[in-house]
Amino acid sequence: MTSQPEVPGAAAVYLFREETTEDKLHMFSIYVRLKVLTERGKEYANVEVNYEHNSDGSSTTIEDVQGRTIHSDGTIIPFTGKPYDKLVEKTQGIKFMAKVFTLPNVEVGSIIEYRYKLRLGDNWFRAPSWYLQSELYTRKSHYLWRPTDQQLVTSDDRGQLTNSVFWTPILPPGTTLVQSRLPSQLYSHEGQLSLELNAHDLPPVPHEEYMPPLGSFTYRVLFYYSPYHTGEEFWKSEGKHWAKLRDKFIGPGPAVTAAVRDLTIPSDSQDQKLRKIYAAVMKLENTSFTREHSSEEEKSEGFKEIRTTDDIWTRKRGSDDQLAQLFVAMARAAGMKAYLAAITSRDRSMFLAAYLNLSQLDDDIAIVEVDGKDQYFDPGTRYCPYQHLAWKHTQSAGIRQTASSSDMVHTPGEVYTYSRTQRTANLTMDRNGAVTGTVKMTYMGSPGLYWRQRALTGDAASLDRELSTHVERLLPNGMEAKVSSIEKLESYDEPLVVKLDVKGQIGSSTGKRLLIPSDIFEANEKPAFPHEKRDVSVFFNFTHMNQDAIRITFPPTLTVESIPAPDTVKFQNFAVYGMKIESTPTTVTMRRDYSLGEIFFKKEEYPELRTFFSKMENKDQESIILTSSPSAANPVQPAGN
């Protein structure tokens, strides 16, 4: 075997994948058999198996790692090395780790095999989630779960019996999940419950620009235990329990109440009070963006276990979710109706109401009633502007607290004018097409939030380098950019302004003519949708506007021969693009506006969407033509005028 016909040029292919879950043993067993087809496929010899250490005792361990390499001539080389542990990420109370090992002597044509066991603690069970698709084509796969009767009748802290297994399947045609009972003396008289799935010829997960989170649409089966038989019953009952637990933590307590009394005055309006509270929370250390503090550090500073929002305020730090809950507590202390909402973060997944599991709700936001109307806030997202949400929390869903219980919630989107990037350039060009000048980048909304949070990952020098590199990648090849100033970096409610000095070649010479890009900020832009057909919907992170204004001053020895005609392109009511270029005897000035007012487009809308982007991209690549032999004293008018 040298290729997989369904995926021409594939680096490797899964010949067989198997996952077996044995609740009786608190264990997942994984087996992989993979064929290496190209040089790039040899990278799959490097294996990383993820697991986690949790402070609540539900940690997992990787055991019994085995593997071997089988060459085309039948030679077998066993894996005899020792896997090592690598820290992937550390968050509040959780360390995400990876067990890393490399299969030996892998070459093109080899088959690699490995297996391992992922074991839970003796007091823990975890329903599996079967994600059938991966980045490689899968010829055959087998999944098996054997829950124990003990787990099926376990009581939760409210005395309810979680005695039913449910699942949410999204499967290819012809693939079914088989449920059976196997006779066994180790289990009840009905026999052991067994859930099994066989699948074959699974295409790889598509990799295209502007896609929804992969886990939201691939073939999969998500299992969960539940005493409920309908989604409405689950979300109503579990939501009520969740809301009660959160209220116990939120309070507010005496420390939060005293803090709000110091921050606000009785004559403040509700909006004025909230702005002061929001600013106070934003000043606290957000450990989700800095680092987690160990229990030893907490004890050395005289802090005990975190039990309420009073503890968060006293520490002057907390995780993103803890700060969101603190904001709710402070709003309540100020006399307002404030509630917590738990939603699915849209950069990871999409909320699935049919999946009856609270684990898909991974981020907290706040809802406060201001002058009789619900307003949404994101105090757990560092630098998020007041009365706005991070893009990953917009147009998502989950559950929220209400005055008496809980309810489902759908978060609002942002208008396209909120997230704006303004790019301006004032350049002086010599007769050979080399320029010097300044570029000003103004970031508002989501782009501003992105760069402010990037600043938290390094120092001032690293931020300057990253911003300079970002702008250089936009400009024509060979241009240099250097940050001269950054304004309003920590003023989250104001535009972030970055000024840069730039220099380099923007014009290309063809005899007596000099060709200049119409928009230097789009000089290196690649087609957004190069493929005529698309298998998945188009999904943008957020609605937005881009506004460009560029002025180039050139010497009198050059004259404008032609400039692109003005143009406007629309895609229904969802997107619009416009460009206009004007000239004088020694300058050309370009103005370009692009607005996107929707984030989701169905596959059926793709052809029209692609046509819009193609027209816009083609227009961006048109050139301004200057000549060193002036033929007219007046500015050249656009074609068609």
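1. The side chains of D364 and Q325 are joined by a polar contact of 3.3 Å. A polar contact is a pair of N or O atoms within 3.5 Å; within protein, one must be able to donate a hydrogen and the other to accept it, and residues adjacent in sequence count only if both atoms are side-chain atoms. The model is predicted: local features need pLDDT of at least 70, and side-chain atom pairs count only at pLDDT 80 or more, while totals for chains, interfaces and linings use all residues. Residues are numbered from 1 along each chain as its sequence is written, and side-chain values use heavy atoms, with hydrogens and water left out.

2. D364 belongs to strand β18 (residues 363–370). Strands (E, at least two residues) and helices (H or I, at least four) are DSSP runs, numbered from the N terminus. Does D364 count as buried or exposed? D364 is buried, yet has no salt bridge. Buried means under 20% relative accessible area, exposed over 50%, and partly exposed in between (1.4 Å probe, protein chains only). A salt bridge is a side-chain nitrogen of Lys or Arg within 4 Å of a carboxyl oxygen of Asp or Glu. The nearest side chain of opposite charge to D364 is R246, 4.6 Å away. For charge, Lys and Arg count as positive and Asp and Glu as negative; His and the chain ends are not counted.

3. How many salt bridges does the structure hold? The structure holds 29 salt bridges. Side chains of opposite charge can pair when their charged atoms come close. One of these salt bridges is between R592 and D620, at 2.9 Å from N to O. R592 lies in strand β33 (residues 587–596) and D620 in helix α10 (residues 606–620), so the pair ties together parts 28 residues apart in sequence. R592 is buried, with a relative accessible area of 2%, and D620 is buried too, at 4%. A network of salt bridges links R423, D519, E522, D548, R592 and D620.

4. E561 and R513 also meet through their side chains in a salt bridge, 2.9 Å from N to O. This pair links distant parts of the chain: E561 is in strand β30 (residues 559–562) and R513 in strand β27 (residues 513–517), 48 residues apart. E561 is partly exposed, with a relative accessible area of 29%, and R513 is partly exposed at 39%.

5. R275 forms a salt bridge with D271, and the closest N and O atoms are 2.9 Å apart. Both residues are in helix α4 (residues 270–282); because they are four residues apart there, about one helical turn separates R275 from D271. R275 is partly exposed, with a relative accessible area of 40%. D271 is partly exposed, with a relative accessible area of 23%.

6. Why can strand β1 (residues 12–22) be called largely enclosed by the rest of the structure? Nine of its eleven residues are buried, so β1 is largely enclosed. β1 pairs with strand β2 (residues 27–36) in the antiparallel sense over ten bridges; two strands pair if DSSP finds at least two bridges between them. β1 also pairs with strand β10 (residues 137–146), in the parallel sense over eight bridges. T20 has S29 as its bridge partner in β2 and L144 as its bridge partner in β10. β1 and β2 form a hairpin with four residues between them, and H26 in the turn has a positive phi of about 55 degrees.

7. Strand β4 (residues 60–70) pairs with strand β8 (residues 111–120) in the antiparallel sense over nine bridges. R68 stands opposite E113 in β8. β4 also pairs with strand β5 (residues 76–78), in the antiparallel sense over three bridges, and T69 stands opposite I77 in β5. β4 and β5 form a hairpin with five residues between them; G74 in the turn has a positive phi of about 95 degrees.

8. A search of the whole structure finds 35 aromatic pairs. Rings of Phe, Tyr and Trp (its six-membered ring) pair if their centres lie within 6.5 Å; planes under 30 degrees apart count as stacked, over 60 as edge-to-face and the rest as tilted. One aromatic cluster is formed by Y210, F529, F540, F571, F574, Y594, F601, Y606, F612 and F613.

9. The charged end of K316 sits over the ring of W313, 4.3 Å from its centre. The charged end of R382 sits over the ring of Y383, 4.3 Å from its centre. A charge sits over a ring if NZ of Lys or CZ of Arg is within 6 Å of the ring centre and within 35 degrees of the ring normal.
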